[in-house]
Amino acid sequence: MATREDIALMSHLMRRAGFGATRDEVERYCEIGYEQTVEMLIDSDSQPPVDEYTLYRYHPITEVPGGAAAPGQANWLYWMVTTQRPLEEKMALFWHHVFATGNAKVDNCNHLLDQIDMFRELGMANYRDLLLALAQDPAMIYWLDNNENHKHAPNENWGRELLELFSLGVGHYTETDVFECSRAFTGWTIDAKMPRYPYGRHPWKFSFRPEDHDQTEKTFLGRTGNFNGEDIIDIILDQEACPRFITRHLYNFFVADEPQVPAWNIEPPRNPEAIEALSKTLVDNNYDIKPVLREMFNSDYFKEAQYQKVKSPTEVVVGTLRVTKDMTGPDPRLEALGKEPGYMGQDILDPPSVEGWHTGREWINSGSLVKRVNFVADRVSNVELEGVRSMVDYVGSNGSTMSASDLVDRCLDIMGPLEVDQRTHDELVSHVSAGGDEVAVGSEDFQERATQTFALIASTREYQFG
Amino acid sequence: MAANGNGNGKPPVLVVLQLTGGNDYFNTVIPYNDEHYFDSRPSLQIPQDRVLKLDDDLGFHPAMGPMKDIYESGDMAIIHGIGYANSPRSHFRSMDIWHTCEPDKVGTEGWLGRALREIDPNGENPVTGVNIGQALPRALVAPGVSVASVADLSTYGLLTSIEQQEQREQMLSRFANMYGPAVGTGQVMEYLGQTGLDALKGADILKVAPDKYESTVEYGASPIASKLRDIAQIHTADVGTRVFYCDYGSFDTHAAQATTHAKLWQDVSEAVQDFWDDLRENNADDNVVMIMFSEFGRRVRDNGSGTDHGAAGVGFAIGPSVKGGMYSEYPETRPEALEQGDLVPNQDYRGFYTTILENHLHLEAPPIVNGQFDAPGFLQTNGH
């Protein structure tokens, strides 16, 4: 029988390495055991993939080629809500945070979705393969202007961001390195660059044009040779800054909020030992990502980091839909639901810039807080939802009557388990006990008090963390 | 700083109405004597006798009757040929360029977000900026700036799914207590506490607006009418909002433009006229300027049923302190003068913003719009 600590830890793992889980699911994972569950998450191929054909059959719009972000957001939401490979999908979201590519410029959600699919395939594989695929990804090439990076007119956009945001971080290369790196990626472009008008969109694909590639010598990070893009990636991987940068991103996304990325060369990591150890693992395994994930999820610092991160809007929306079972498959509201993270400040597939989103407390402002609270409260107070009925049943499963304080504790337990500060707890108890201190389980009054308490818990500060 | 200028010492208020999707400038302000207009619009031309003539050369689309009335009252400036070089002809990129004032790179801060930070640097009023709509436009986004985003004023607030009013009131008072000052609980918790109280305060402030509001103006049934009525309600409640934002569309008329474009402009024109009637009736118009823009104009030659994405567009400014008339030049329409078949912009949109920022909001424009731009003088600078 799983203890409350086991449940709390497994719920934490599922929130971070996935999008949350119902109590039934958590209890099943507890029976399998923590380390085995981590293995199952990492070995994502052991679970079936999302049945995309069901999506297309019920939502033909999701297969229509188009520029708008919204249909793409509906597609991705469907994946996140229905996936049985939660870590694979969470890693795709992680790489989307790091390699932020946006519809604001790409204006082609199909290519953005292809990029996300590439993250699903390679996101837990090898970082070198991933970086190479990224350098050849049509959406990325267009997003960072590498199609404008020519032998006789280098464009530094991709070259710079590759170093600054995708691999090393500010402070670990010079302006000359940016220029030389960009030269090495000349001729890495997309076919076909036919104009969209008047005939519509043409699919892009990666193309290397030798005649537009600078074949002369380059000096990059202290090495000299006639480098091509692939050589540049290999040199990047030899830098000590590279594994540190990537593992700090992993720590920031999965363990606890770090400062915003531009501050990383000024502010040290919260946990330098963890970054060093994870970096060593990454290098020792030739940049295979799974060993790093395994070490991180099994570490004490991960296990101790419960509620150390402000949930991203995507985590709020997907987690709530999954746990309340408000959406479980094709759904007439799919497109509308796909926009919800955007209302809270995270337009997936359309980040504010190549820097991605500012995370942590910057997710919260008065507008986004209202949207977050209402989105969750609307659902957890709705007993029509199967997931909410299970939560109410759980609250009432300990006897035929309960005190206001017990009811609050059971609600906090099923909503997390969530620890709240004393004042928050007192307020919750006062609210429940305003209707009398004894509650008869199973009554309509009980159901109402439980769901109101869920809604109030969803509105707390503590619940904004995950 | 900005309490002088227009409107009897009341602080200036800006209302932005975004025409989303790319409004067809060529069929909005029509050069009705121009042979090139008739040549390039075989399917979508408006016959001369139906154009609402503004002067000897230009006139409005026939659906814009109320807009013509406002123009003739002297309260409307029409800013021609607005845009920027190298239009990407992408909705998303173009809208971003308008929102962030960054035509050459992807920007993160919105121009109105920056303006709000100047107006209310300590974030003292949670409703200094109000967006009427679901998603917050990037124009209003800047670090440290809180903007209330209201999908529907009549239902705005926290925990709106709790139907019993008494229960909800009790829960909101619990919320206020839970978010009260939390000393020593950590920076993020304290920040969250303050933000929660701001959200509650903002909702409380806005909640009174519909009750305080009185008007004999009956708005139409279109969504833009209800958005502008929400703005009128909040504005007349005098809660300190300085920037309002709303949008209407979609003006993306690739097909069936004849009927769609007419309907859109009918909705906008009527709603705008009702809005100003409403403000006048409430004696609340003096300190208000409204601007309208679209992310780009459309292709000069029609495609048989609609028009494709283009470049230069038209901006409007409306209000008692506006010096009515036309500004900048109508772009050349000769086929040889077009770029990729589009009208070429001759008025940078950031100059349009500059006039608003400096002569209405009394803010220094260059840091907000990222530079110095030729600013058309469509606002009276010393009251009126």
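Select Gln18(B) and Phe293(B): Gln18(B) stands opposite Phe293(B) in β9(B). The structure is a predicted model, in which local features need pLDDT of at least 70, side-chain atom pairs count only at pLDDT 80 or more, and totals for chains, interfaces and linings use all residues. Residues are numbered from 1 along each chain as its sequence is written, while chains are lettered from A and ligands numbered from 1 in the order in which they are written.

**Strand β1 of chain B**

Now widen the selection to β1(B), residues 13-20. Strands here are DSSP runs of E with at least two residues, and helices are runs of H or I with at least four, numbered from the N terminus. Two strands pair if DSSP finds at least two bridges between them.

Buried means 20 or more other C-beta atoms within 10 Å of the residue's own, with C-beta atoms placed from the backbone; 12 or fewer is exposed, and in between is partly exposed.

The chain averages 92, and 96% of its residues score at least 70. Residues 1-6 of chain B stay under 50. Where pLDDT is low, the predicted coordinates should not be read in detail.

**Where the chains meet**

Show both chains. In contact with 37 residues of chain A are 39 residues of chain B; contact means C-beta atoms, placed from the backbone, within 7 Å. On the side of chain B that touches chain A, α6(B) gives the most, with 10 residues. The model scores ipTM 0.87 and pTM 0.83.

**A helix pair in chain A**

Finish with α18(A), residues 313-324, and α21(A), residues 366-380, which pack at an angle of about 5° with axes 10 Å apart. Axes are lines fitted to C-alpha atoms, for helices over the stretch in contact, and angles run from 0 to 180 degrees between N-to-C directions. The two helices, α18(A) and α21(A), are therefore roughly parallel, a term for angles under 35 degrees. Among the residues making the contact are Val316(A) of α18(A) and Phe375(A) of α21(A).

Note on methods. pLDDT = per-residue confidence, 0-100. Contact = placed C-beta atoms within 7 Å. Parallel < 35°, antiparallel > 145°, perpendicular 65-115°, else oblique.
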